[in-house]
Amino acid sequence: MSGATGTVIAAHGRHYLVQAGEEKLQCVTRGKKSDVAVGDIVDLKRTSANQAVIESIQERKTLLYRSDQYKSKLLAANLTQLFIVVATEPGYSDDLVSRALVAAEAGGIAPHIILNKIDVADLLPKTRERLGMYTRIGYPIHEVSARKDPEHTCATLQPLLEGQSTILIGQSGMGKSSLINLLVPDAELATREISAALDSGKHTTTFTRLFMLNKSGNIIDSPGFQEFGLYHLSEGMLERAFREFGPHLGNCKFYNCHHLTEPGCAVLSAVDSGEIAPLRHALYQQLVHESSQKLY
């Protein structure tokens, strides 16, 4: 059977759906390897009309993943952008937003914050105030209302998606599904097809899937999650992933400063002076602690 190349558009357990040209092929990996991510470009060997074996993964430009103490979970490969979806209601987690920003910085992926449900006018000023912590350090925030103002939402987000590979992440209830259905024509139909091909039945929202966009680029929908562990990031990677630490790195009294309790630390001075938000520095401390607990 002939070989082919394709893009992994969904994964469920060790079963993958790969878009190869006009065809969607059901694929497995050789042996027990399951280190394939949605967004991977893979080399295939066909085994029947609509099935193939993944022979190899082509070199990735980027890889986004989360990890706990024991293992890591791949989210997607070859991303250029990360859309973090938050909303005026229900309340979102600053911890999750900041962790996603750190993961994007560490992975070389451009992050954007999408504030949905801006039609909930009474909660908007407070939400904007909370998000100010991110605008002050240069993260773009795009305000939309997927349900109440779909035209404005599309006009705001579609130009950002062109030619990019974008993943949407966010907690449940932020309106991620509404955004996907707006931005991807026939998203629900495509999801049902993917679900049937992967034999995952009704569990349509429990796996990550990639949709090709008409104007070039793709958009990846991921399941809502409440935790974003970053145990895999070393201390050196962490200090560089907090973009507001940048101007202060190298100015500490000790060259091997951990920016935790050391005297003469330029980062701690910036926290004291209000240049760095205490909440962000507290997260850095927590992530450094997590990094030291890794068991794999």
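This is a predicted model: local features need pLDDT of at least 70, side-chain atom pairs count only at pLDDT 80 or more; totals for chains, interfaces and linings use all residues.

Biologist: What volume does the largest pocket have?

Modeller: The largest pocket comes to about 510 Å³. Its lining has 22 residues, and V184, P185, M212, L213 and N214 are the ones nearest the centre.

Biologist: Which elements give two or more residues to that lining?

Modeller: Those are α3 (150-161), α4 (176-183), α5 (187-197) and β12 (209-212).

Biologist: And how does the lining of the largest pocket split by class?

Modeller: There are 13 nonpolar residues in that lining, along with five charged and four polar ones.

Biologist: OK, next pocket. How much space lies in the second largest pocket?

Modeller: About 400 Å³ for the second largest pocket. It is lined by 19 residues, with A11, G13, V36, K73 and L74 nearest the centre.

Biologist: Which element has the largest share of the lining there?

Modeller: β7, with four residues of the lining of the second largest pocket. Both β1 (3-12) and β7 (72-77) supply at least two residues to it. By class, that lining has 10 nonpolar, six polar and three charged residues.

Biologist: Switching topic: how many aromatic pairs turn up in the whole structure?

Modeller: The search finds three aromatic pairs. In one of them, F242 and F245 have ring centres 5.1 Å apart and planes at 25°, so the pair counts as stacked.

Biologist: Why does 25° make F242 and F245 stacked?

Modeller: Because planes under 30 degrees apart count as stacked, and the planes of F242 and F245 are at 25°.

Biologist: Are those two buried or exposed?

Modeller: F242 is buried, at 0% relative accessible area, and F245 is buried with 0% as well. F245 also pairs with Y284: their ring centres are 5.1 Å apart and the planes sit at 70°, so this pair is edge-to-face.

Biologist: Where in the chain are F245 and Y284?

Modeller: F245 is in the loop between α6 (235-241) and α7 (266-272), while Y284 is in helix α8 (residues 278-291). They are 39 residues apart, and the pair links distant parts of the chain. Y284 is buried, with a relative accessible area of 0%.

Biologist: Which residues form one aromatic cluster, then?

Modeller: F242, F245 and Y284.

Biologist: Last one: what lies over the face of Y92?

Modeller: That would be R130, at 3.9 Å from the ring centre of Y92.

Technical notes: Residues are numbered from 1 along each chain as its sequence is written. Side-chain values use heavy atoms; hydrogens and water are left out. On a 1 Å grid over the protein atoms alone, a cavity is a set of points where a 1.4 Å probe fits but cannot get out, and a pocket is an open set with protein on both sides within 12 Å along at least five of seven lines; lining residues have an atom within 4 Å of a point. Grid points are joined across faces, edges and corners, and a volume is the space filled by probe spheres set on the points. Ala, Val, Leu, Ile, Met, Phe, Trp, Tyr, Cys and Pro count as nonpolar, Asp, Glu, Lys and Arg as charged, and the others, Gly among them, as polar. Rings of Phe, Tyr and Trp (its six-membered ring) pair if their centres lie within 6.5 Å; planes under 30 degrees apart count as stacked, over 60 as edge-to-face and the rest as tilted. Buried means under 20% relative accessible area, exposed over 50%, partly exposed in between (1.4 Å probe, protein chains only). A charge sits over a ring if NZ of Lys or CZ of Arg is within 6 Å of the ring centre and within 35 degrees of the ring normal.
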